[in-house]
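Trainee: Before I rely on the terms used for this protein, I would like to go through them with you and ask what stands behind each one.

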Amino acid sequence: MLLNFNGEVALSEWLAEEERPRLLNVRTASGVPQTLEVMIEPVGNDYLLFGELNAVEQEHLSREVLELNHELSNLTREFAQSNAELQLVNSKLEQSQLQLLQSEKMAAIGQLAAGVAHEINNPIGFVNSNLGALKGYVEEFIFLIDAYERYADANGTATDQALQAVREKVDIAFLRDDVVALLGESRDGLERVRKIVQDLRDFSRIDSPDWQEADLNAGMESTLNVVWAELKYKAEVVKRYGELPPVRCHLGQINQVFMNLLLNAAQAIEGQGKITLSSGVEGLWAWVSVEDTGNGMTPAVMKRIFEPFFTTKPVGKGTGLGLSLAYDMVKKHGGRIDVTSEPGQGTCFQVWLPVAGPETPPA
Ligand SMILES: Nc1ncnc2c1ncn2[C@@H]1O[C@H](COP(=O)(O)OP(=O)(O)OP(=O)(O)O)[C@@H](O)[C@H]1O
Ligand SMILES: [Mg+2]
């Protein structure tokens, strides 16, 4: 190897033991420090300088560099892996937190429905049968009174006059009409209570299997009745249901989606507005929409509505979970939710579900 030394080498130092190789630290052209094994050979009046890079050390160094490199890429890989694991754990945690909240909400609603159903069903049973009997009795009373009347009209005696006085006192004409009207009204009232119980049962599906072929229009109807108290003073509800085939779904969950959409629609309306409920079918997909004439959303809000805990409502009014739960439930059904909104004009949420259940390929 040809060496090109810059600077002075103290050759005098070497001369005494010129036969012995010396180690010389030099900086190579590339700038990397190296050790040279150098020997000096006197040739006539001159010296011949032999030198070579210390192969062992060089090898050692490059091995070390290689090992370090290897270690570094291992560490990087490990780091990336634990990062991915962390992300997975994090999203699982988020998921199970949502599921927990969702099942808590469902359990609460289910319990409420079961409780209400139990509480109301018993009295309804006996009041209803009592009323049936009472109606029969009253009809017999009326029959008897009619007979008295007929008797009085035919004879016109003193007894008749006494009867006449009693009849005037009790206003028998009014009683006769009103007793029947009251009984009819009571029966209507009871029928309404029975309907509430039925709606609660339908809404929570406490007595149905999880997955079923369900009528989404009926689901929307029973949900609407359950939240009616929240809606009736704020909005006129217009129904434009189309004909739907039975849709394979978990109706309890879908009703919860409808409930969140209905409540959001009502909450978006300040003063008085309109909520339009529509449904239809396109190919293998059924859809149900809730449209309101509320305050609408800006694009910035719309981008975030499905995020858990995102809410624009005051503290204590909204948890920001309604739509994220709805999104999750519809996704589990293989469906999707489309949203259109215009600030100041209103919003339309359209839920799309595959008629045959989650396995249907996306539309
Ligand atoms: N129909 C709508 N019109 C206008 N804005 C809406 C409508 N539906 C949802 N939003 C917006 O999306 C946000 C998130 O809705 P989401 O139902 O998830 O939570 P929330 O209604 O705020 O609270 P929660 O439903 O948990 O009580 C709302 O705070 C609101 O800003
Ligand atoms: Mg909501």
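The conversation below takes up a few of those terms in turn.

Trainee: What kind of model is this, and how many helices and strands does the protein have?

Mentor: This is a predicted model, and the protein has nine helices and 10 strands. Of its 363 residues, 31% count as buried, and among contacts between residues at least 6 apart in sequence, 66% join residues at least 24 apart.

Trainee: Which strand pairs with strand 10 over eight bridges?

Mentor: That is strand 8, which pairs with strand 10 in the antiparallel sense over those eight bridges, and here Ala-286 stands opposite Leu-353 of strand 10.

Trainee: Why is strand 10 called mostly covered?

Mentor: A residue is buried when its relative accessible area is under 20%, and nine of the nine residues of strand 10 are buried. In a regular strand the side chains alternate between the two faces of the sheet. In strand 10 both faces are covered, with Gly-346, Cys-348, Gln-350, Trp-352 and Pro-354 buried on one side and Thr-347, Phe-349, Val-351 and Leu-353 buried on the other.

Trainee: Which elements line the largest pocket, and what is the class make-up of its lining?

Mentor: The elements giving two or more residues to the lining are helix 7, strand 8, helix 9 (322–332) and strand 10, and helix 7 supplies the largest share, eight residues. The pocket holds about 850 Å³ of space and is lined by 34 residues, of which Leu-263, Asn-264, Gln-267, Thr-311 and Lys-313 lie nearest its centre. By class, the lining has 15 nonpolar, 14 polar and five charged residues.

Trainee: Why is Asn-264 called partly exposed?

Mentor: Partly exposed covers the range between under 20% for buried and over 50% for exposed, and Asn-264 has 22% relative accessibility, so it counts as partly exposed. Asn-264 lies in helix 7 and touches Lys-313 and Leu-323, not counting residues up to four places away in sequence. Asn-264 and Gly-318 are 54 residues apart in sequence and 9.7 Å apart in space, C-alpha to C-alpha.

Trainee: What makes helix 9 largely enclosed by the rest of the structure?

Mentor: Eight of the 11 residues of helix 9 are buried, so the helix is largely enclosed by the rest of the structure. The buried residues are Gly-322, Leu-323, Ser-324, Leu-325, Ala-326, Asp-328, Met-329 and Val-330. Just after helix 9, Gly-334 takes a positive phi of about 75°.

Trainee: How do you know that Glu-359 counts as exposed?

Mentor: The cut-off for exposed is over 50%, and Glu-359 has 66% relative accessibility, so it counts as exposed.

Trainee: Where is Phe-309, and why is Phe-309 called partly exposed?

Mentor: Phe-309 sits in the loop between helix 8 (299–302) and helix 9, and its 44% relative accessibility means that it counts as partly exposed. Phe-309 has a positive phi of about 70° although it is not a glycine.

Note on methods. Residues are numbered from 1 along each chain as its sequence is written. Chains are lettered from A and ligands numbered from 1 in the order in which they are written. This is a predicted model: local features need pLDDT of at least 70, side-chain atom pairs count only at pLDDT 80 or more; totals for chains, interfaces and linings use all residues. Side-chain values use heavy atoms; hydrogens and water are left out. On a 1 Å grid over the protein atoms alone, a cavity is a set of points where a 1.4 Å probe fits but cannot get out, and a pocket is an open set with protein on both sides within 12 Å along at least five of seven lines; lining residues have an atom within 4 Å of a point. Grid points are joined across faces, edges and corners, and a volume is the space filled by probe spheres set on the points. Helices (H or I, at least four residues) and strands (E, at least two) are DSSP runs, numbered from the N terminus. Ala, Val, Leu, Ile, Met, Phe, Trp, Tyr, Cys and Pro count as nonpolar, Asp, Glu, Lys and Arg as charged, and the others, Gly among them, as polar. Buried means under 20% relative accessible area, exposed over 50%, partly exposed in between (1.4 Å probe, protein chains only). Contact means heavy atoms within 4.5 Å. Two strands pair if DSSP finds at least two bridges between them.
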